[in-house]
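Please look over the notes below alongside the coordinates.

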Amino acid sequence: MAGSTVEKTAQYVLNTYARAPFVLERGQGATLTDADGKTYLDFAAGISVNALGHADAELIAAVSEQMALLGHVCNLYHSAPHADLAEMLCESSFADKVYFCNSGTEAVEAAIKFARKHARETFGPGKTDLVAFGGSFHGRTAGALALTAREKYQAPFRPLMPGVTFAPFNDSAAAEKLIGPGTCAVFVEPVQGEGGIHAATPEFLATLRQACDRHGALLVFDEIQCGVGRTGRLWAYEHFEVQPDMMTLAKALGGGLPIGATLLTDHVAGSLAPGDHGSTFAGGPVVCRAAQVVLRRVNDPAFLARVLALGARLVERLRDLRSPHVREVRGLGLMIGVELDIEVAPLIKAGYAHGVIMINAGPKVLRLLPPLIIEEAHIDQFAEVLGTILHEVAR
Ligand SMILES: *Cc1c(COP(=O)(O)O)cnc(C)c1O
C-alpha cells in the first residue's frame with residue numbers, strides 16, 4: 001500500500017520535493033500514523049501549521065458546519081466568517097485592516113504591491129526599492145522569491161523582480177545604510193525560520209523602525225512562521241516592543257487549511273482601492289471559520305503561557321543531553337533550533353526509524369516546531385529519543 005503511493009507520487013507528481021519514505025495516513029493530537037501503522041511524534045507540525053495538533057474536535061466541527069452551510073462565495077459578496085476573522089485579527093494586533101489570501105507567499109506578494117502603491121500615492125513614482133536580510137525566507141513566487149536571500153532558490157529563475165537589496169540580519173549599521181529615500185518597504189522576520197531559527201535583537205528591530213520612519217518606508221514583519229502563538233506570544237513582535245506597518249501571516253492561521261493574510265494600518269490601507277488586488281478563493285467562509293477557532297484558542301493568556309513553559313522545558317531537556325555535537329539550542333517559545341557541528345539529514349532520517357518527525361533549517365540546524373498543544377510527556381519523550389539518535393548517528 002505505502003509502496004504504491006510512493007511509486008505513484010514518483011510517477012505522476014512533479015519532482016520538486018524530497019519526500020520522506022513513508023505515507024502518512026492519520027493524525028491525532030501530536031501523533032501521526034503511517035500506512036503501515038507506525039506512529040510518529042510530530043515535531044514539525046506541517047512546518048509550523050498544525051498549532052492545535054491533528055484532528056482537533058472543535059476545528060472539525062466548525063469546518064464541517066460551515067461547509068454544510070456555505071462553502072464558497074468569492075470576494076464579490078459578504079460573508080460573516082470573513083468579517084468576523086478580520087475583526088479578530090485587527091483587535092488582537094497593531095492592524096486596522098486585513099487583506100486575505102491563500103498562502104504565505106501570497107501574503108508577501110500582497111505586501112509588496114501594497115507598499116509600492118502606498119509609496120506611489122504618497123510620494124510619487126520612483127520610491128520602489130525593497131530591503132530584506134541575509135538568511136531570510138519570504139516565499140517562492142516571483143516577488144517573494146526576490147526577497148528570499150538564498151542563492152539556490154533564486155539562481156535558476158533570474159532575472160528576478162529588481163529593486164531588492166539585502167543587509168546582514170541583526171546588523172543595524174548595515175541596515176541603516178541601505179534604507180534610504182528610495183526605499184518603499186523593509187521586510188523582516190522577527191524570528192527567522194528557514195534561515196536557522198534566529199531571533200532579531202530588539203535593538204535591530206527598533207533601528208529598522210526608526211530608519212523606516214525617517215525615510216517614509218514601511219516596515220513589514222513576516223510572521224508567517226513565528227506568528228499565531230508559536231513564540232509564546234500571539235504575535236512574535238510583542239517580544240520586541242516594535243510595531244510594523246504591515247504583517248504577513250499564513251501557516252498556523254488556518255489550523256491546517258490554506259489561508260494567508262496581510263495585516264496593515266489605516267495609514268497604508270488608505271492608498272488601496274477596489275481593483276488593486278484580489279483572489280478568487282481568499283478568505284472563504286470555511287477557512288475563516290477554521291482560523292477563528294485557532295485564534296480564539298491560541299489568543300488566551302493561559303494557552304500562551306503554556307507555550308512558553310513547554311518551550312523552556314524543551315530547551316532545558318535538550319541542553320541536558322550534553323551532546324558534544326550540540327553547539328547551541330536557541331529559540332522563542334516552541335520555535336526552537338538546535339545547531340549541531342554535524343549534518344542533520346542523517347539525524348532526521350534516524351528520527352523516522354525512532355518514530356519522531358523533525359525538520360531542518362539549513363544543513364546543521366534541527367528545527368523543532370511541535371504542535372502548540374503538545375504535552376510535557378511528549379517533550380521528555382522527544383528529548384530522550386533525540387539523545388539516543390545523537391548517540392547512534394554521531395559517534
Ligand atoms: C513558509 C514561509 C513563507 C511562505 O509561505 P507559503 O505558505 O509556503 O507560501 C514566507 N515567509 C516565511 C517566514 C515562512 O516561514
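Predicted model: local features only at pLDDT ≥ 70, side-chain atom pairs only at ≥ 80, totals over all residues.

1. Surroundings of the ligand. Which residues surround the ligand? Ser103, Gly104 and Thr105 are among them, as are Phe137, His138 and Gly139.

2. Phenylalanine 137 takes part through its backbone: one of its polar backbone atoms is 3.1 Å from a nitrogen atom of the ligand. Glutamine 225 uses its side chain, where an N or O atom is 2.7 Å from an oxygen atom of the ligand. For lysine 251, an N or O atom of the side chain is 2.7 Å from an oxygen atom of the ligand.

3. A cis peptide bond. Most peptide bonds are trans. Arginine 158 and proline 159, however, are joined by a cis peptide bond, with omega at about 0 degrees. Proline 159 is placed in the loop between α7 (151-154) and β6 (164-167).

4. A positive phi. Most residues other than glycine have a negative phi. Isoleucine 197 has a positive value, with phi near 60 degrees. Its place is in the loop between β8 (191-192) and β9 (198-199).

5. Helices α3 and α11. The axes of α3 (residues 57-69) and α11 (residues 285-298) come within 8 Å and cross at roughly 155 degrees. Angles over 145 degrees count as roughly antiparallel, so α3 is roughly antiparallel to α11. The crossing of this pair is right-handed. From α3 the contact takes in Glu58, Leu59, Ala62, Val63, Glu65, Gln66 and Met67. From α11 it takes in Pro285, Val286, Arg289, Ala290, Val293, Val294, Arg296 and Arg297. By class, the residues of the contact of α3 with α11 are nine nonpolar, one polar and five charged.

6. Helices α12 and α14. How do the axes of α12 and α14 cross, and at what angle? They come within 9 Å, with α12 spanning residues 301-320, and the angle is roughly 25 degrees. That makes α12 roughly parallel to α14, and the crossing is right-handed. On the α12 side are Arg306, Leu310, Arg313, Leu314, Arg317 and Leu318. These meet Glu376, Ile379, Asp380, Phe382, Ala383 and Leu386 in α14. The residues of this contact divide into seven nonpolar and five charged, with no polar ones.

7. Helices α13 and α14. Helix α14 (residues 376-393) also pairs with α13 (residues 345-354); their axes come within 10 Å and cross at roughly 125 degrees. That makes α13 oblique to α14. Here too the crossing is right-handed. Helix α13 contributes Pro346, Leu347, Ala350, Gly351 and His354 to the contact. Helix α14 contributes Val385, Thr388, Ile389, Leu390, Glu392 and Val393. Seven residues of the contact of α13 with α14 are nonpolar, three are polar and one is charged.

Note on methods. Residues numbered from 1 in each chain as written. Heavy atoms only, no water. Axes fitted to C-alpha atoms, helices over the stretch in contact; angles between N-to-C directions. Helix = DSSP H or I, 4+ residues; strand = E, 2+ residues; numbered from the N terminus. Parallel < 35°, antiparallel > 145°, perpendicular 65-115°, else oblique. Left-handed = near helix turned anticlockwise from the far one by under 90°. Contact = heavy atoms within 4.5 Å. Nonpolar A, V, L, I, M, F, W, Y, C, P; charged D, E, K, R; others polar. Near = heavy atom within 4 Å. Polar contact = N/O pair within 3.5 Å; in protein donor to acceptor, adjacent residues only side chain to side chain.
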